Number of protein chains: 2
Amino acid sequence: MNKIKAVFFDIDDTLYDSTLQTEMVRRNAIKAMIEAGLDIGEEDGLEALKDIVKEFGSNYQYHFDELLKKFGYDENPRIIAAGIVAYHTTKLAYLVPFADTIPTLLALRDKGYKLGIITDGVAVKQWEKLIRLGLQHFFHAVVISEEIKKEKPDIEIFRLAAERIGCKPEETAMVGDRLDKDILGANRAGMVTIQIVKGKYRGQMPKDKEEEPNYVISSLKEILRIFRSDNLAKSGF
Amino acid sequence: MNKIKAVFFDIDDTLYDSTLQTEMVRRNAIKAMIEAGLDIGEEDGLEALKDIVKEFGSNYQYHFDELLKKFGYDENPRIIAAGIVAYHTTKLAYLVPFADTIPTLLALRDKGYKLGIITDGVAVKQWEKLIRLGLQHFFHAVVISEEIKKEKPDIEIFRLAAERIGCKPEETAMVGDRLDKDILGANRAGMVTIQIVKGKYRGQMPKDKEEEPNYVISSLKEILRIFRSDNLAKSGF
């Protein structure tokens, strides 16, 4: 194994708890709409909203309008606005890094590692997350699927990220929560792969050898232990 | 003059300082984009942004993209995101009622007046403002131009508002900052008109008799004095 010079991270459920954020955002939006006059049960509302997000995708603008339709309501800007306000307030409240995110990133930089982001999503939205998380200045390369028109696990997104940070893929590690996206793609590109067990994909199992990570961690700070371990020291870390 | 039973309010620059909000939002967004790498002067950026808002309208989604184009930059999601984050944070910070807004509304309700809103704009956005201002439960009728496809000074929006609140127009008063919108339309509808001298339209002069308000106030609490005055007491207040 080559000496690792750079570490790439996914954002959602890797640098912060996006699963918790999504749950709380939805629950608070439903509660606020009920408070504003939507006469439904909270759990019924949550179930319906989940179905709508599944049907229309998470970047659709009119989830709450669809929700009202589903429960037989006419357009109601007051109820929609109540949902939107709760949505934004809650989204911000949960857009905080995991407790060990910043300490780990700082420790890695102190040791001379380059840091990067490899993430799927809308470029401006992913940058908004980095800024709100206070992480916008930490990374030497930020690669977002929308900008390069390739999504994980496409091998190209990983190759390009390595190139941008000035390393060969095998000189880099990829840390992410999804076996079918982060680990599969980074394995194929020849990166060292580290699965972080967080969020809604925590129960997933590798479908085959290509989805098997080199390391499994439950918290970011464990990366430092991996990079110190005898095993890796021998192989050039 | 009939006995006044209901009082209508405009939102922007009447219930809160939207002129100050707009100025601060723009300034902080430009500052944040400069911090994120946009190499321009703050004042130049502000001027350019004002021109863009004038050209594309205030509800356009891509003001900051246009700004980058104007200064010869390629698409840059990081700089755009920095502007958007500052925009939202600052917008919220300044979405607070004038100091006497809530006390005045409460005093009017205590005296038995019905309260209403007559405002131009996108319905969900205007409701978002009322919710963020903490005013969503204060009004017996909220009439927004988008919902009824008429804008101030169209007489219909004022007539409909009176009807919805259960009064004749001449039994109501309209409080707003714009002579050419609030005062003109309410005068034509037969309402008692009160100009509040706030925000960017504070220097305006009535173009003709129809734009002349019955009363001019510089702060909402003065409404209470008007409604107590001899003059109005004699005429049935």
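**Confidence, fold and interface**

The pLDDT falls below 50 over residues 233-237 of chain A. This is a predicted model, in which local features need pLDDT of at least 70 and side-chain atom pairs count only at pLDDT 80 or more, while totals for chains, interfaces and linings use all residues. Residues are numbered from 1 along each chain as its sequence is written, and chains are lettered from A and ligands numbered from 1 in the order in which they are written. For the complex, the predictor gives an ipTM of 0.80 and a pTM of 0.85.

Chain A is divided into domain 1 (6-16 + 96-234) and domain 2 (19-93), with bounds from an automatic or database domain assignment. Their centres, taken over C-alpha atoms, are 31 Å apart.

In chain A, an open sheet is built from six strands in the order 3-2-1-4-5-6, with parallel pairing; strands (E, at least two residues) and helices (H or I, at least four) are DSSP runs, numbered from the N terminus, and two strands pair if DSSP finds at least two bridges between them. Strand 3 (141-144) and strand 6 (215-217) of chain A are the edge strands, each pairing on one side only.

Turning to the interface, 15 residues of chain A are in contact (C-beta atoms, placed from the backbone, within 7 Å) with 15 residues of chain B. Helix 4 of chain A gives the most to the side of chain A that touches chain B, with seven residues.

How values were computed: Two residues are in contact if their C-beta atoms, placed from the backbone, lie within 7 Å. pLDDT is the predictor's confidence in each residue, from 0 to 100.
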